Amino acid sequence: MNAVLLNGLVALPAGFALLAALVSRRERAAVGVAVVGALATFAWSVWLVLRLGSAGGALGDPDRSVDVVWLEALDLHWRLGLDGISGALVLMSTLVFAAALFSLLRHGPDDAEGGPRRTGSLAVLLLVIEAGVLGSFLALDMVLFFVFFEVALIPMWFVISTWGDAHDAAARRRAATRFLVFTVTGSALMLVGFLLVRAEAGTFDIARVAASYTPSGPTALAASLLVALGLAVKTPLWPLHIWLPDAHSKAPTVGSVVLAAVLLKLGTYGFVRFWMPVTSPDWLLVPVVAALAVVGIVYGALACLAQADLKRLIAYSSVGHMGFVVLGAATFTLGGVQAAVFASVAHGLITGLLFFLAGAIKDRYGTTDLAELRLLYGKVPRMGGLFAFAAMASLGLPGLAGFWGEMLAIRAAVSPAAGLSETTYRWLAFIAALGVILASAYFLAVMRSMLQGPAVEATPSVDHVDVGAALPTDRVAAVRLGDRRPDVDAGEWVTWGPLAVLTVALGVAPGLLLTPVADAARAFLGGLG
Amino acid sequence: MSWVVLLLVVLPFVSAVLSLWVGHRGEVAERGIAVGAAALGFVLAVAVALPHLGDAEPLSHVFAATSAVGPPIELAFHVDQLSALMLLLAHTVAFLVQVYSLGYMAGDPRYPSYAALVSVFTGSMTLVVTADDLWALLIGWELMGACSYFLISHHWELPEARAGAVKAFLMTRTADLGLLFAIIVLGVRFDSYRISTIMGEIATGGFGRDDLWLPALLLTAAVVGKSAQFPLHTWLPDAMPGPTPISALIHAATMVAAGVFLVARAYPLFLSAPVALTTLALVAAVTMFIAAVSALFTGDLKRVLAWSTVSQLAYMFGALAVGAYEAGVLHLLAHGAFKALLFLAAGSVVHAVGTTSMSAMGGLRGKLPDTFITMTIGFGALAGVVPLVGFFTKDAVIGAVWEAAHEGHLVWPWVAWLLLVSAVVTAVLTVAYSLRAWLMVFFTPPVVEPVETPAATPERADLHESPLSMKVPLYLLTIPTVLGGLLVAYPGVAFAEVEHTLVHPTTAVLMTLLVAATAAVVYLLWRRHGGRDPWHPFVLPHPAVDRVYDVGVVRPVRLLARAVRAGDRDVIDGYADGAGATTRGLGWLLRRAQNGNVQAYLMVVVVGACAIAVAAGVAA
């Protein structure tokens with residue numbers, strides 16, 4: 001039964017992708033099929049997580065996992081399993097995919113003339129990505145993880161290069177290609193690392209590696225380094241982040257949402273699941289990774305302070321948030337793992353919401369240039385309020401989901417695992433905390449310039465939206481779209497509502513997530529303090 | 001009873017959601033929800049607080065706990081006499097502010113979000129004063145910061161409102177890091193985040209003078225930011241562009257009061273860390289004086305009150321620093337009453353005149369009789385006039401500092417003496433600025449200034465007293481302002497341990513004489529200037545600390561940010577060029593695939609799979 005559930009979670013989106021592809025001549029039908037598929041996958045994942053989350057036992061137990069020999073000569077297994085760590089990310093991902101596909105029903109990406117652009121094929125690709133992502137989260141075999149990782153990457157390249165920024169075809173292609181080159185190179189390094197681990201530990205099965213492998217010696221170090229490099233590109237870790245701002249800002253709205261909320265988590269999940277077991281905290285590599293993560297926190301925040309484009313700003317904010325995740329993992333404590341997973345999930349919800357909002361703003365006003373966006377509190381008060389909410393969540397306001405992950409990462413860094421220098425980590429914790437202040441600074445700056453503004457231009461009315469006044473005339477075509485859709489509409493409430501509600505729920509009751517993650521981390525990485 | 005506490009915390013949040021959700025449906029709905037919830041909250045607060053005053057057993061209850069790594073994070077409440085007093089203060093002021101806002105905010109299109117934020121503010125303060133878990137306290141603590149940010153920028157079309165809101169949030173949030181790290185350190189040290197457990201262990205356990213200095217100093221940093229003490233005192237006066245009822249709420253019952261509350265809540269920790277107490281005493285001594293001088297020279301009514309808050313909060317910290325717990329808490333309560341009264345009365349003046357500049361006021365005594373009476377009582381209490389509450393509590397503070405200077409042991413004697421001198425000088429300055437403001441608002445003939453608001457024309461025939469919804473809260477607040485002194489005379493009602501009265505006859509007489517002498521001098525100066533500003537308009541330079549922050553923090557950060565942005569752009573382009581050669585080969589492949597046909601895509605996957613196979617074979 002569990003095997004059916006596990007296989008089904010990968011098969012469902014793949015099957016629905018096929019189905020949608022068959023009817024892709026008829027756009028709306030294809031999107032409809034895809035939405036049904038995403039919702040079914042979400043429901044399926046809830047069932048799976050409830051079932052496997054309640055049952056005890058270790059991650060690799062035969063009755064809790066799938067193990068079919070795939071290529072015997074290569075010792076390659078179709079090996080899937082799920083615990084609290086992957087369960088949290090699976091649920092977040094299926095929810096975000098469902099929201100993203102649902103949003104395509106009404107707000108597909110437009111081309112330069114404002115017409116629709118082959119939304120059906122986009123929906124198909126999103127489902128393929130979903131299958132790849134879920135496969136990566138469930139994979140217990142290192143090579144299988146790599147395969148699913150690739151399956152998720154390549155369709156993303158199509159999404160960015162085909163449906164990206166309609167006004168700048170060259171830029172979106174460049175962004176897409178850079179994204180692919182970076183991540184493919186990274187995952188190739190990661191694969192070599194996995195092969196070295198196989199040579200040392202004798203298996204590709206990460207559950208067995210985590211249970212019995214004690215990494216030591218130069219080969220093990222090289223393996224760990226290569227895996228870390230590959231994941232560092234994906235996460236991304238400073239200074240390998242430079243593919244990210246372009247990819248995230250040139251992608252279509254759903255692409256940005258999926259990239260930020262889900263695809264980055266492949267990297268952070270990889271750090272917890274595939275890097276920590278093959279790494280010894282005694283190596284210098286570990287504090288170096290932690291230090292790079294903290295550099296990323298501050299660097300990302302500083303970059304945000306100087307950004308002139310909303311989508312680029314949100315993209316850079318991800319660099320900072322991912323820094324907290326990696327810092328948590330690099331403490332090699334159970335608390336750090338907990339922090340990493342919590343921060344990953346929270347970032348998925350909050351940054352997903354932020355990119356949705358940025359996309360909605362772009363739909364209405366034809367731009368995400370912060371120099372041109374003004375007074376959203378006055379023009380679209382509900383959307384402005386929602387943006388303020390999401391910004392507060394993203395800057396780590398206690399009581400909302402964004403707070404716990406970052407706070408727990410700082411707490412973990414204050415008392416890292418034995419063998420790691422306390423002094424180093426306490427300094428890192430302090431610098432990371434300063435990054436939180438910088439994050440507040442840039443979000444307040446955005447809110448001040450984009451949401452607020454002098455009264456002369458304001459038309460503070462709820463129903464009537466006068467967008468023409470504040471914009472140059474050459475944007476009138478784009479503004480027309482804004483006119484058609486005044487404030488948050490019903491479809492947008494349905495799409496964004498669950499993300500916002502969960503942001504509050506996890507902020508108020510962090511135990512919902514902390515407890516299963518802690519149990520899973522204890523079972524998976526039992527040796528940690 | 002513990003469920004009532006939970007309800008008391010949750011209720012304001014529910015009412016906030018309702019306000020936002022159905023608030024646009026109509027006036028009855030939006031007002032009914034806001035005021036109804038506030039009234040219910042007041043009733044519940046009274047029900048919770050009254051049984052826990054005096055020598056009653058504190059109420060402790062844990063609703064839920066995470067069984068995560070490290071000490072559990074709990075939804076736990078602890079209501080003792082301190083919480084009870086703070087609950088009464090917060091909910092009384094919040095209720096009166098909601099009633100007052102009916103009149104003050106009438107016709108404001110942003111009323112629903114305003115009412116919702118006031119509710120969240122109240123709920124957050126309730127959480128702070130009742131929470132037994134440090135993380136829960138932190139949530140309330142920072143939510144208040146966020147609420148004040150939104151409420152200060154309520155009039156976001158004004159540039160000073162936008163700037164003030166950002167400044168308030170950033171300064172307090174920076175200081176909040178102190179609380180965050182204090183919580184982490186305490187958690188490591190005591191293996192618990194339960195406040196009552198930690199304080200109990202400190203009170204009973206034998207901790208040396210040097211054991212707990214770090215968390216105590218970290219808490220001091222948090223408190224200095226939240227309560228706007230030197231050197232983080234500049235955000236509070238800049239927060240004045242917010243609606244006046246909000247100022248009443250922030251200054252009297254929530255935000256800044258939370259800082260004093262935290263010191264009182266963590267008092268065993270502070271008592272065991274003399275370095276933190278000494279720091280607090282020094283900060284208080286410097287702050288009360290600086291703030292009073294600033295209040296003396298500012299020409300804006302609300303800024304006078306804001307600076308006076310900063311100064312009065314310093315009195316409370318001074319009292320707590322020398323070990324006078326009851327005096328500090330009582331001054332907090334008294335200040336809550338008369339500062340709420342003063343701000344609401346100032347709101348009434350602003351409502352009528354349309355500006356906060358005192359030079360445009362004057363001669364309002366006959367036009368606003370109710371405001372005149374109530375505000376006079378408020379200023380009297382602030383200045384410390386017998387027999388108003390401010391006189392008694394301020395005397396309790398000064399008396400305690402006097403004793404500490406003579407025979408105290410908590411802080412160094414010279415610090416206590418410095419504090420005493422500063423407290424006395426500040427008391428004199430307080431009389432001076434209160435009297436000046438009072439004279440300028442109600443007696444001085446207004447200087448005709450080109451003020452844009454029509455209500456502020458020199459004739460002001462249409463000047464009118466505020467509506468009933470605004471007057472009633474004013475009169476209600478005069479009750480504790482006039483009678484609150486009884487609590488100082490008989491503190492046993494609120495504090496179980498205190499048997500004796502907190503009135504110090506010697507200092508009381510001396511201070512009364514000082515007050516009278518100062519008042520006489522100010523009055524003579526005022527007469528001498530022909531009934532105008534008793535000292536020539538003398539504008540104090542902008543606080544020097546702000547300049548330091550600007551040069552030392554804001555500009556370097558901006559520079560760095562620009563450098564990062566430019567650097568990133570160069571690197572990205574550099575990669576693009578440098579990697580061009582390698583990319584071109586791959587790019588050619590990708591361009592093949594780019595036409596979107598499925599064969600090409602499948603090819604990539606297959607080639608990848610083959611690569612895996614080959615690589616795996618090599619490894620095997």
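How many helices and strands are there in chain A? The answer is 20 helices and two strands. Before I go on, note that this is a predicted model.

Staying with chain A, the overall dimensions. Along the principal axes, its C-alpha atoms fill a box of roughly 65 × 55 × 40 Å. As for burial, 66% of the 529 residues of chain A count as buried. On contacts, take those in chain A between residues at least 6 apart in sequence: 79% of them join residues at least 24 apart.

Now one helix pair, in chain B. Two packed helices are described by the angle between their axes and the distance between the axes. The pair here is α14, residues 301–321 of chain B, and α18, residues 413–442 of chain B. Their axes come within 11 Å and cross at roughly 155°. An angle over 145° counts as roughly antiparallel, and α14(B) and α18(B) are therefore roughly antiparallel to each other. The crossing of α14(B) past α18(B) is left-handed.

Which residues of α14(B) and α18(B) make the contact? From α14(B), they are B:Leu301, B:Val304, B:Ser308, B:Ser311, B:Tyr315 and B:Gly318. From α18(B), they are B:Leu419, B:Ala423, B:Thr426, B:Thr430, B:Tyr433, B:Ala437 and B:Val441. Sorted by class, this contact between α14(B) and α18(B) has eight nonpolar residues, five polar ones and no charged ones.

Terms used. Residues numbered from 1 in each chain as written. Chains lettered and ligands numbered in written order. Predicted model: local features only at pLDDT ≥ 70, side-chain atom pairs only at ≥ 80, totals over all residues. Axes fitted to C-alpha atoms, helices over the stretch in contact; angles between N-to-C directions. Helix = DSSP H or I, 4+ residues; strand = E, 2+ residues; numbered from the N terminus. Parallel < 35°, antiparallel > 145°, perpendicular 65-115°, else oblique. Left-handed = near helix turned anticlockwise from the far one by under 90°. Contact = placed C-beta atoms within 7 Å. Nonpolar A, V, L, I, M, F, W, Y, C, P; charged D, E, K, R; others polar. Buried ≥ 20, exposed ≤ 12 C-beta atoms within 10 Å, placed from the backbone.
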